[in-house]
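Dear colleague,

I am passing on the structure we talked about, with some notes on what came out of it. Please have the sequence and the model open while you read the rest of this message.

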Amino acid sequence: MLLASFFGVVMGLVLGLTGAGGGILAVPALVLGLGWSMTQAAPVALFAVGSSAAVGAIDGLRHGLVRYRAALLIAALGAVFSPVGIYFAHQLPEKILMILFSLLMLMVAARMLRRERKEEGPSDHGHANWGQKNCMLDQHTGRFSWTAKCTATLAALGAVTGVVSGLLGVGGGFLIVPAFKQLTDVQMRGIIATSLMVISLISAIGVVGALHAGVRIDGLGATFIVSSIVGMIVGRKLCARVPARVLQVGFASVCLVVAVYMLMNSAL
């Protein structure tokens, strides 16, 4: 019970600080730390990630940072495609799921370790040109200009996020955050808030699908979920004080170690 509480708080902290990565740590914590199977861990991880993300999303909505139309579009496509991932999760062998998850962690770690150009600005609006980004904020309204290209981009992001979420039990923030940075001119604080809203919505859909498939959450899982919400609250308060690069390197290092361990474990 104590171990479940610890892992839950750590996952919530990561999610609150970065807007991503919580599910990446939640599943290994439950599989390696508590000895659960991937199919057991996935719905609990999703529930924990979604619940804690909802806390952060509400905070972002209060401060006007969430791009809620974009979040709803991504989540809607995620809802359609999440059952596809859940279906394959129950068809694939446990070893294959662990290998896929390990490779995903390695990909996330590599992205975190790569230095990116720092974008600064007093507002939530970036300074890119139309040739550089698929989705741009209107200079006058501060909202997205909903072109066909922008809509298709966000819809595709939602579809991919939904499949990965259902398959591996992750919220999808590791996809949403870098995609928003690459494809839109929204600044980081808006990206994190929007990511948290999408994660909460897609995770809720994934949990419903898993429960419908017969998966149940026990007392240990409930402890993990409650602890993750506590971690999220603390993480949201600390996010302005922790240097981003330190957080990225630390998180990437943990991902590398856990991914290698999971690969070795699945090989044996």
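Contact here means heavy atoms within 4.5 Å. On that basis, among the contacts in the protein chain between residues at least 6 apart in sequence, 81% join residues at least 24 apart. Please keep in mind throughout that this is a predicted model.

As for the overall make-up, the protein chain has ten helices and zero strands, and its elements, read from the N terminus on, are α-α-α-α-α-α-α-α-α-α. Of its 268 residues, 51% count as buried, while the chain exposes about 12,200 Å², of which carbon and sulfur atoms supply 67%.

Helix H3, covering residues 38-62, and helix H9, covering residues 219-238, have axes that come within 8 Å and cross at roughly 30 degrees. Because angles under 35 degrees count as roughly parallel, H3 is roughly parallel to H9, and H3 passes H9 in a right-handed crossing.

From the side of H3, the contact is made by Val 44, Phe 47, Ala 48, Ser 51, Ser 52, Ala 53, Val 55, Gly 56, Asp 59 and Gly 60, and from the side of H9 by Gly 221, Phe 224, Ile 225, Ser 228, Ile 229, Met 232, Ile 233 and Arg 236.

Key. Residues are numbered from 1 along each chain as its sequence is written. This is a predicted model: local features need pLDDT of at least 70, side-chain atom pairs count only at pLDDT 80 or more; totals for chains, interfaces and linings use all residues. Side-chain values use heavy atoms; hydrogens and water are left out. Axes are lines fitted to C-alpha atoms, for helices over the stretch in contact, and angles run from 0 to 180 degrees between N-to-C directions. Helices (H or I, at least four residues) and strands (E, at least two) are DSSP runs, numbered from the N terminus. Angles under 35 degrees count as roughly parallel, over 145 as roughly antiparallel, 65 to 115 as roughly perpendicular and the rest as oblique. A crossing is left-handed if the near helix is turned anticlockwise from the far one by less than a right angle, and right-handed if clockwise. Buried means under 20% relative accessible area, exposed over 50%, partly exposed in between (1.4 Å probe, protein chains only). Accessible areas come from the Shrake-Rupley method with a 1.4 Å probe; for residues, only the protein chains shown count as cover.
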